[in-house]
Amino acid sequence: MKMTRIFAAAIAALGFAGSAAALEGDQHAPHEHHWHHDGPFGTYDTSAVQRGYQIYQEVCASCHSMDLMRFRNLGQQGGPFASDMFPNPNDNPIVMQIAASYTRVWDQDEVNDDGDPVERSGLPSDTFPAPFANQQMARASNGGAYPPDLSLIVKARTGGENYIYSLLTGYEDAPEDSHLAAGQYYNPYFAGGAIAMAPPLAEGIVEYADGTEATVEQMAEDVTTFLSWAGDPHMEKRKQLGVMVLIYLLIFAILVYLAYRQVWANVKH
């Protein structure tokens, strides 16, 4: 009887695995896309990061938070508003202006005469404001779906930048045999195909300050570049350090080899 139960459990487990594999099989593999920051010498495209920040602010920020980002991060190396004139991001006037534009930043350490927290203008050290006060409010505003935080979304998803780009550009008309619930959309790059997020990008939905044409593909590439930088803002410094280490090791290896030749040249065979 015990062996029968074990065998039945094994069959059930295999069946579940088969169902999971079938569901995963419905998810298209993301397109391979060339990114400026790919490779050991790749760097972030500053213009793309700037445009991507604009997309986040004007399109994504109404639903998605970035809890790990602070305004001062926008002015650090590789960021959208990095400047050699202001190496300290806290002194960057653009960063200060952006932070100050958010007036609903609560200072929990101070209260007024009624006991309510004091409201003040934002500071470069403040985190990005969340679009919703809590998860319940976020779900209520999005048909029960909870928009994920975008701080590390590129790192958190298999396929990284390619997945995010493919998802943003991959909305299609649902196949006839699909069963989408109310408020769901079909995207073959999303697990299961049914996604609660409406297509966020449309031709000309924003107007780029640098005159770049705001196509869906361009906007998807830009916002993905910005999210990639947000998830790994120190990538350029890390690559520079890695190159310096490799050069040092190469020189050291040459010196060791020359010393080896010098020492053994005087040894009689």
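1. Helix α6 gives the largest share of the lining of the largest pocket, four residues. Helices here are DSSP runs of H or I with at least four residues, strands are E runs of at least two, and both are numbered from the N terminus. This is a predicted model, in which local features need pLDDT of at least 70 and side-chain atom pairs pLDDT 80 or more, while totals for chains, interfaces and linings use all residues. Residues are numbered from 1 along each chain as its sequence is written, and side-chain values use heavy atoms, without hydrogens and water.

2. The lining comprises 28 residues, with His64, Pro147, Pro148, Ile195 and Met197 nearest the pocket centre. Two or more residues each come from α2 (46–60), α6 (160–169), β4 (194–195) and α7 (216–231). A pocket is an open set of points on a 1 Å grid over the protein atoms alone, where a 1.4 Å probe fits, with protein on both sides within 12 Å along at least five of seven lines; lining residues have an atom within 4 Å of a point.

3. The axes of α2 and α7 come within 7 Å and cross at roughly 100°. This makes α2 roughly perpendicular to α7 (65 to 115 degrees). Axes are lines fitted to C-alpha atoms, for helices over the stretch in contact, with angles from 0 to 180 degrees between N-to-C directions. Contact means heavy atoms within 4.5 Å; among the residues that meet are Tyr53 and Tyr56 in α2 and Phe226 and Trp229 in α7.

4. Eleven aromatic pairs are counted, with ring centres of Phe, Tyr and Trp (its six-membered ring) within 6.5 Å. The rings of Trp35 and Tyr165 have centres 6.1 Å apart and planes at 85°, so this pair is edge-to-face (over 60 degrees).

Definitions and conventions: Parallel < 35°, antiparallel > 145°, perpendicular 65-115°, else oblique. Phe/Tyr/Trp six-rings, centres within 6.5 Å; stacked < 30°, edge-to-face > 60°.
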